[in-house]
Amino acid sequence: MAVIMLSAGIYLSCSEDSLPNNGEPRIRYVRVTNPLSSDSLLAAAYQGSTIAIVGENLEGAEQVWFNDRRAVLSPTYVTSTSIITNVPAQIPETVNNTLRIVFANGRTLDHEFEIEISEPEVVSMKNEYELTGNIATIRGNFFYEPLSVSFTGGVAGEVVSVEESMIQVIVPEGAEPGPITVTTNFGATPSNFWFRDTRNIIISSDPFTGWWNESFVVTNPGEGDPPKINGNYIRIVRELSSWNWVEAAGGPPSAMGDISKNIPDAAILNPADYDLKFEVNTLKPYNNNMIKFNLGLSRDFYNDEYRWVPPYDSQGEWETVVISLDEVMSKFTSAAVPDGNIVSPDGYYTRILVGHGPGDLDCDIAFDNFRVVPKVSE
């Protein structure tokens, strides 16, 4: 018996001595999970990042914490030498810059590790021309309370509600054209879009210019008309049978006047850096037929155009539509642009054509503020 016990003791002693770090859990480093970047070691990571915790004797891990937020841990991704997990997306209430592993035997292992909280990301506004006193909806990411929304002109809006990807704020008196800024405890971010953007407007009704349908211009809204958001606007109310159409606005530079020169040269040469934007209000759903846009072209009278296809329904509210300008101009063929995109100091031809597509449309739609603006704020 003594011999057996002595032999067992020698075996256990040799087994423990053969384990790395004498069998004690240890974190050597944290790295990214991409095998091609396995030498990229991390001292910090953003929320939601996937990371690999590399060390020794980690197989007994049952919990992983970052600050006071617990990560989701799958046994499949826990081995003696590594743990793969995602940094929790929720922001911590208590920040201690510590990664903690809790093991099945109750032991804990701490490692200094910082979670970098993202500053706000401001993507868009439901209606960039929202009226003073109305609730504006801002979309983006990382909207963590407490936060504030300030407008160009040095005024702040009253925040009504906050979600991680959406803010609702009352537009204050004194808000001027320009970027808005969202500020949280983790940073301040100005928008690339401009609130009430008056830059580079190419179709306007203030005053009406062009060849077609001055009768569509609403100057004094009456009962049932949408409210003004930036002076006069265009409203088309008409029954359009399949493949029937009506020119809503536009014309050659000679008819449009100086507004036809408002597209920047850089937008013609590098359309991927710009957006076509406009405000739309569908009092009845745009659910059939077609709406076609021509802009930024030096030739008149052609039928190559960008087709804004249905469906779209703003349910009687003004909304901002954003279309990348390169997507629009890629639809213009060599018949319309025989020499490619050409800068024209004399201005550009524009047209909005409602119709000339399949399906009957009970059309009741309003437009305003057609403009070509940079994607990144200048």
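**Strand pairing, cores and a loop residue**

Thr183 stands opposite Ala188 in strand E17. Strands here are DSSP runs of E, at least two residues long, numbered from the N terminus. This is a predicted model, in which local features need pLDDT of at least 70 and side-chain atom pairs count only at pLDDT 80 or more, while totals for chains, interfaces and linings use all residues. Residues are numbered from 1 along each chain as its sequence is written, and side-chain values use heavy atoms, with hydrogens and water left out.

To return to the pair, strand E16, residues 180–184, is joined to E17 by 4 bridges, and the two run antiparallel. Strands count as paired if DSSP finds at least two bridges between them. Both belong to an open sheet of 7 strands with antiparallel pairing, in the order E11-E12-E15-E14-E13-E16-E17. At its edges are strand E11 (121–125) and strand E17 (187–190), each pairing on one side only. Neighbouring strands of this sheet are turned by 30° against each other on average, direction ignored; the axes behind that angle are lines fitted to C-alpha atoms.

I move on to a second pairing. Strand E22, residues 274–282, pairs with E25 in the antiparallel sense over 6 bridges, and Asp275 stands opposite Ser324 in E25. Of the 6 residues of strand E25 (319–324), 5 are buried, where buried means under 20% relative accessible area with a 1.4 Å probe, protein chains only.

Next, the cores. A nonpolar core is a set of buried Ala, Val, Leu, Ile, Met, Phe, Trp, Tyr and Cys residues joined through side-chain atoms within 4.5 Å. Which members of the largest nonpolar core touch the most other members? They are Ile236, Phe278, Phe293 and Trp308, in a core of 47 residues. Strand E27, residues 361–374, gives the most to this core, with 7 residues. Apart from it lies another core, of 22 residues, including Val64 and Val87.

Finally, consider Gln47, in the loop between strand E3 (44–46) and strand E4 (50–56). Is Gln47 buried or exposed? Gln47 is buried, with a relative accessible area of 12%.

Definitions and conventions
Axes fitted to C-alpha atoms, helices over the stretch in contact; angles between N-to-C directions. Buried < 20%, exposed > 50% of the residue type's maximum accessible area, 1.4 Å probe, protein only.
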